[in-house]
Protein chains: 4
Amino acid sequence: MTSRRPAKKTAHKGRRTAIQARSKATVEAILTAAAQILEREGPEAASTNAIAARAGVSIGSLYQYFGDREAIIAELARRHVEEMRSVLSGALAELIALPLAAAIPRLMAALIASHRVNPTLDGVLHRMMPESAAIMDEFEDFAATVTAAGIRAHPDLHIADPELAGAILTQAVGGVLRTTLRRYPERILDPALERSLVQLVLGYLDRASPPAAG
Amino acid sequence: MTSRRPAKKTAHKGRRTAIQARSKATVEAILTAAAQILEREGPEAASTNAIAARAGVSIGSLYQYFGDREAIIAELARRHVEEMRSVLSGALAELIALPLAAAIPRLMAALIASHRVNPTLDGVLHRMMPESAAIMDEFEDFAATVTAAGIRAHPDLHIADPELAGAILTQAVGGVLRTTLRRYPERILDPALERSLVQLVLGYLDRASPPAAG
Amino acid sequence: MTSRRPAKKTAHKGRRTAIQARSKATVEAILTAAAQILEREGPEAASTNAIAARAGVSIGSLYQYFGDREAIIAELARRHVEEMRSVLSGALAELIALPLAAAIPRLMAALIASHRVNPTLDGVLHRMMPESAAIMDEFEDFAATVTAAGIRAHPDLHIADPELAGAILTQAVGGVLRTTLRRYPERILDPALERSLVQLVLGYLDRASPPAAG
Amino acid sequence: MTSRRPAKKTAHKGRRTAIQARSKATVEAILTAAAQILEREGPEAASTNAIAARAGVSIGSLYQYFGDREAIIAELARRHVEEMRSVLSGALAELIALPLAAAIPRLMAALIASHRVNPTLDGVLHRMMPESAAIMDEFEDFAATVTAAGIRAHPDLHIADPELAGAILTQAVGGVLRTTLRRYPERILDPALERSLVQLVLGYLDRASPPAAG
DNA sequence: TATGAATGAGGATTCATTCAT
DNA sequence: TATGAATGAATCCTCATTCAT
């Protein structure tokens with residue numbers, strides 16, 4: 001990043017690297033601690049002091065890296081969404097070429113997988129509205145966009161409004177997944193759940209296609 | 001609730017009634033105040049002091065009627081769920097005799113209507129987990145049960161597991177409705193939303209029926 | 001205030017009085033404590049916790065009566081200014097009829113007396129700018145107005161701009177008094193100080209009168 | 001200030017000079033930054049971290065050159081007083097020979113000029129008591145001494161206590177100037193202000209002289 | 001019963017200062 | 001020497017809850 005600067009600013013380039021490493025470690029410790037507390041004890045327990053304590057860091061350090069409590073939650077949400085998105089994205093590539101009846105089951109499996117990244121944290125962040133709502137919504141928006149694109153890629157479907165369909169399906173599936181995770185977390189592994197979601201989606205797509213010439 | 005208890009000790013039952021009326025008024029004032037604050041200013045603003053102040057009641061009185069803050073939220077949730085349930089129930093009676101293609105649209109309309117009872121409060125209560133989650137879930141359980149019963153009443157559907165179907169459909173529809181209410185509240189009136197939900201449900205029921213051969 | 005209300009609100013009018021007395025006592029305790037700390041330990045020591053502690057009151061009570069720390073300082077300043085003003089006002093009545101050469105010494109004596117109300121607190125409040133500046137200025141404004149009025153009452157003075165003269169004299173005398181109080185507090189009792197101020201004022205008035213028909 | 005010390009230990013004095021230059025630059029940067037923040041954002045904003053940041057220097061370096069925060073303020077005050085004193089001194093030389101009626105206007109003009117060096121900073125430093133009071137007072141002491149000397153240089157005045165007169169006049173003029181600068185900063189340019197101060201001083205000197213043929 | 005004054009633990013945040021590198 | 005990460009005491013303020021009247 002700064003390989004060009006000649007000597008100056010006290011020699012060894014190791015210095016800077018070491019410092020950056022320490023900073024990074026602190027930030028990671030804080031985020032990890034925050035996530036742990038949110039998962040295990042819930043949002044009210046996640047005070048800045050508690051986070052700093054569990055991170056093994058002074059409260060001052062915490063504020064050196066995060067402007068305020070909300071910034072911690074936001075960053076946590078951002079990373080969580082990024083993880084979920086990457087899990088989902090990973091499965092997407094191979095979907096494009098498949099026929100619908102094969103693609104949808106895979107998509108549902110991918111969605112379920114993405115919700116398995118950290119279900120508890122996901123639920124908590126979903127409920128911490130002012131802090132993380134906008135960020136969490138990004139995942140649903142992403143899923144909706146991707147779904148709409150997929151629908152558009154299958155013109156044989158004759159869906160009039162792919163955006164609407166994408167949104168509805170994403171919200172519906174999201175509702176099922178979040179409720180399941182919160183109330184019956186073990187069922188997230190039940191194949192019946194996945195099957196049901198596939199039926200939900202395929203059924204909707206059928207219905208939403210114009211009764212057409214058939 | 002306790003009208004049966006025989007006039008214990010002190011005189012005229014008129015007095016007692018008056019007192020009970022006053023008590024009731026106090027309780028109502030507190031709940032109304034709490035609901036207003038939750039709706040308009042959010043959960044953080046709903047401190048016991050703020051609730052008492054808006055209710056025009058001393059905090060002392062508030063604690064006379066509610067053991068703690070959570071009890072207020074819980075009672076509020078209970079009543080809210082009751083209202084939603086009654087809206088939904090009202091529409092149910094006439095559904096039973098209808099053919100599915102007619103019943104489902106009506107059911108969706110009723111569900112939407114029940115979510116229109118107090119959407120903001122509904123959202124807030126849904127997010128106040130430890131306080132109201134269990135109570136709020138009752139509505140979804142009720143809707144799921146009702147849906148399962150409806151499905152069972154249509155044996156031509158050949159749905160293997162009506163309970164699962166009821167749960168999935170309820171969670172899916174609930175997800176769509178809550179997301180819509182939170183992010184795009186005006187769309188709750190859009191007929192396209194209702195249409196989509198009908199497609200979602202009918203499509204699922206189609207799919208979940210055994211692949212013909214019946 | 002509420003003598004009309006029949007019974008209701010739990011009888012005894014003693015109740016309300018007692019409560020008000022308690023509230024008043026708390027408020028007074030807080031203000032007294034704040035004044036003491038400001039005088040003895042300076043502005044930095046006057047934290048809300050320290051004030052509450054010295055007042056023998058919980059921090060919660062402090063905030064029941066004062067919205068924030070600044071409100072305490074402001075009320076203190078308000079009262080201090082009021083006291084100073086009343087000392088000054090008290091001396092004013094008898095001044096009006098006197099000839100200038102007799103009036104000015106009395107006015108100076110009164111000003112000095114008003115600064116003796118609580119010199120230390122006065123100095124501290126004068127330096128706590130955002131909190132109390134505007135309020136403290138009221139005293140100087142009052143003194144300036146009064147002086148200007150006095151000047152106008154002596155048309156033989158031929159002072160062109162009584163307002164300016166009032167302001168200059170007040171600021172000059174204020175400067176002398178505050179510096180003296182801060183740096184050489186014992187001199188506030190020195191008759192030479194008073195004499196000097198009289199000379200300052202009379203000399204200025206002489207000079208500020210047009211060389212006139214002399 | 002310390003150029004005399006003989007080259008101690010390490011090599012070439014060129015290096016030492018360079019280092020000293022760098023040190024000096026750092027010190028200057030810190031003081032400049034502190035002054036800027038004090039002027040523009042007030043004393044509370046002038047944290048050591050903020051000063052270091054604006055100076056483009058690490059806090060570590062800041063503490064290399066200043067023992068603590070107070071030392072920065074003190075040095076700032078020292079320099080500020082020095083500047084004011086030099087402005088005032090510059091005007092003094094030519095005053096000595098002048099007759100009083102000519103000297104006083106010039107003196108007032110010089111005092112005003114010295115207060116125009118950095119009025120905002122002056123006001124702030126005046127209010128930061130424990131840190132800078134003693135230092136700021138030096139200017140007033142200087143002005144008082146100079147004034148007393150001037151008075152003594154005019155034996156025709158017959159002032160009994162030139163020291164007292166010097167102090168009173170300095171404090172009075174200081175009071176007017178500081179109040180004006182704080183509350184009506186634009187008036188510092190108003191010629192009427194200067195005129196008034198001249199009248200104040202000359203009037204006082206008149207009055208403080210024995211009634212002549214007495 | 002109703003009242004509302006009082007409580008104090010706890011939360012977010014700041015800032016002077018230290019010290020390993 | 002310079003750096004800047006780390007520290008933690010201290011600050012302001014909130015809020016659920018208690019209890020004397």
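1. **The contact of chains A and B.** Chain B brings 32 residues to its contact with chain A, and chain A brings 31; contact here means heavy atoms within 4.5 Å. The area buried between the two chains is about 2,800 Å², with 56% of that area given by carbon and sulfur atoms. Buried area is the accessible area (1.4 Å probe) that two parts lose on being put together, summed over both.

2. **A word on the model.** Please keep in mind that this is a predicted model, where local features need pLDDT of at least 70 and side-chain atom pairs count only at pLDDT 80 or more, while totals for chains, interfaces and linings use all residues; side-chain values use heavy atoms, with hydrogens and water left out. Residues are numbered from 1 along each chain as its sequence is written, and chains are lettered from A in the order in which they are written.

3. Eight salt bridges are counted between chain B and chain A, each a side-chain nitrogen of Lys or Arg within 4 Å of a carboxyl oxygen of Asp or Glu. One to look up is the salt bridge between the side chains of A:D141 and B:R183, at 2.9 Å from N to O.

4. **Which parts of chain B take part.** Helix 6 (119-127), helix 7 (129-152), helix 8 (162-183) and helix 9 (191-208) of chain B each supply at least two residues of the side that touches chain A. Helix 8 of chain B has the largest share, twelve residues. Helices are DSSP runs (H or I, at least four residues), numbered from the N terminus.

5. **The largest cavity.** About 390 Å³ of space lies in the largest cavity. A cavity is a set of points on a 1 Å grid over the protein atoms alone where a 1.4 Å probe fits but cannot get out; lining residues have an atom within 4 Å of a point. The volume is the space filled by probe spheres set on the points, which are joined across faces, edges and corners. Of the 16 lining residues, the closest to the centre are C:H126, C:R127, C:R178, D:H126 and D:R178. Helix 8 of chain C gives the most to this lining, with five residues.

6. **Chains that stay apart.** Chain A and chain D do not touch, and their nearest C-alpha atoms are 12 Å apart. For chain B and chain D, which do not touch either, the corresponding distance is 30 Å.

Definitions and conventions. 1 Å grid on protein atoms, 1.4 Å probe; cavity = no way out; pocket = protein on both sides within 12 Å on 5 of 7 lines; lining within 4 Å.
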